Amino acid sequence: MRRNVWPRLSGAITPLVTPFRHGAVDIASLERLTEWQIASGIGGLAVLTVTGEGPALCDTERDLVLSTVLRAADDRVPVIAATGTNGTASTIALTRRAEALGASAALVTVPYYSKPGQKGILRHFSELASACSLPLIISSDPGRTASPLPPSTLDELSQTGTIFGLLDASGDIGTLAPYRDRFHLFTGNAVAAPAFIACGGDGIIAPAANVLPKLVTSLQHASACGNLPAALVLADRLAPLAEAIGDGEPANIKFALGAFPGIPADVRLPLVPAEQTVQEAICAALQSCTSPVRRVLSL
């Protein structure tokens, strides 16, 4: 079914941070970030993810963030809402709400903490797919959820009509490669994009795109076109920043953006500001990269 779903759900997609100012969602900064991302050629925006501090937002704030980005994007790129929780009923409720507000798709994590087992995971996604009509992208991140998606489970999930894609954070390209004709495949590691896309992947949903959207977009295009030498050069350019910001740490990404006046670096507890050593590594990584990230100031 994957080729029958809206084809714009591919390419380089940014899991957008949520700017805060004085403890509240900073709407003006969120609008500026959205506009800058689109002007930089990014192919889509994912909001309310872990990178976007979705778990720290109340329902009213979730609606505000999604509505703001949808309005600012104005249908120029798809907007994906992260709606996964460790409960099936709450995941269904959040996904239905995202659909009602106009999201293009839902990004749904494998249930975390409760470790439901493979039968529970299958039941969870089957119930969600039956209850909602949004295309679903499943996020597989065993490092966070402690629950892998083995081939037997992927085979079952591929029979569920509204499951459109898989976002892999495990780095196990070989496991997903056989499913490239059943799902759109995304990597959460932009530096690994050349190898991932060469094995049949479709796109990137990577935190580094918050800071260097043009570079991540160029990396995606070079990889998709089979221009491996160019893709590897771009991946090498991106690697220092990707390493410095870590696994999508919002505080680190916001510091990288906040290094340029006008974008607040505030995060919500239990997150705290980036450590001094991390700040220094981020500054060094940005200085070594010639991508025009400073254009954020002009939008």
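**The barrel and its surroundings**

Guide: Eight strands close into a barrel, in the order 1-4-5-6-7-8-9-10, with parallel pairing. Neighbouring strands of this sheet are turned by 25 degrees against each other on average, direction ignored. Keep in mind that this is a predicted model.

Visitor: OK. Take strand 7 and strand 8. How many bridges pair them?

Guide: Five, in the parallel sense. Strand 7 covers residues 136-140 and strand 8 covers residues 163-168. Ile138 stands opposite Leu166 in strand 8.

Visitor: Which helix packs on the sheet there, touching strand 7 and strand 8?

Guide: Helix 4, residues 117-131. Helix 4 also touches strand 6 (105-109), and its direction makes about 165 degrees with that of strand 6.

Visitor: And what does helix 9 touch?

Guide: Helix 9 (residues 213-224) packs on the sheet against strand 1 (11-15) and strand 10. Its direction makes about 150 degrees with that of strand 1.

Visitor: Back to strand 8. What is the bridge partner of Ser139 there?

Guide: Leu167.

Visitor: How many residues of strand 8 are buried?

Guide: Six of its six, so strand 8 is mostly covered.

Visitor: Move on to strand 9. How does it pair with strand 8? What sense, how many bridges?

Guide: Parallel, over four bridges. Leu166 stands opposite Leu185 in strand 9. Asp168 stands opposite Thr187 in strand 9.

Visitor: And with strand 10, how many bridges?

Guide: Two bridges join strand 9 to strand 10 (residues 203-205), and the two run parallel. There, Thr187 stands opposite Ile204 in strand 10.

Visitor: Which way do the side chains of strand 9 point?

Guide: His184 and Phe186 point one way from strand 9 (residues 184-187). Leu185 and Thr187 point the other way. All are buried.

Visitor: Thr187 keeps coming up. Is it buried or exposed?

Guide: Buried. Thr187 lies in strand 9, and its relative accessible area is 4%. The cut-off for buried is under 20%, so Thr187 qualifies.

Visitor: What is Thr187 in contact with, leaving aside neighbours within four places in sequence?

Guide: Leu167, Asp168, Ala193, Phe196, Gly203, Ile204 and Ile205.

Visitor: New topic: helix packing. At what angle do helix 10 and helix 12 pack?

Guide: About 165 degrees, with their axes 9 Å apart. Helix 10 is residues 228-245 and helix 12 is residues 276-287. That angle is over 145 degrees, so helix 10 is roughly antiparallel to helix 12.

Visitor: Left-handed or right-handed crossing?

Guide: Helix 10 passes helix 12 in a left-handed crossing.

Visitor: Which residues meet?

Guide: From helix 10, Pro240, Leu241, Ala244 and Ile245. From helix 12, Val278, Ala281, Ile282, Ala285 and Leu286. The residues of this contact divide into nine nonpolar, no polar and no charged.

Visitor: Now the loops. Where is Glu53, and is it buried or exposed?

Guide: Glu53 is in the loop between strand 4 (44-47) and helix 2 (59-73). At 3% relative accessibility, Glu53 counts as buried.

Visitor: Where is His22, and is it buried or exposed?

Guide: His22 is in the loop between strand 2 (20-21) and strand 3 (24-25). His22 is exposed, with a relative accessible area of 78%.

Visitor: Last one. Which peptide bond is cis?

Guide: The bond from Leu269 to Pro270 is cis, with omega near 15 degrees. Pro270 is in the loop between helix 11 (250-258) and helix 12.

Notes:
Residues numbered from 1 in each chain as written. Predicted model: local features only at pLDDT ≥ 70, side-chain atom pairs only at ≥ 80, totals over all residues. Heavy atoms only, no water. Axes fitted to C-alpha atoms, helices over the stretch in contact; angles between N-to-C directions. Parallel < 35°, antiparallel > 145°, perpendicular 65-115°, else oblique. Left-handed = near helix turned anticlockwise from the far one by under 90°. Contact = heavy atoms within 4.5 Å. Nonpolar A, V, L, I, M, F, W, Y, C, P; charged D, E, K, R; others polar. Buried < 20%, exposed > 50% of the residue type's maximum accessible area, 1.4 Å probe, protein only. Pairing = 2+ DSSP bridges.
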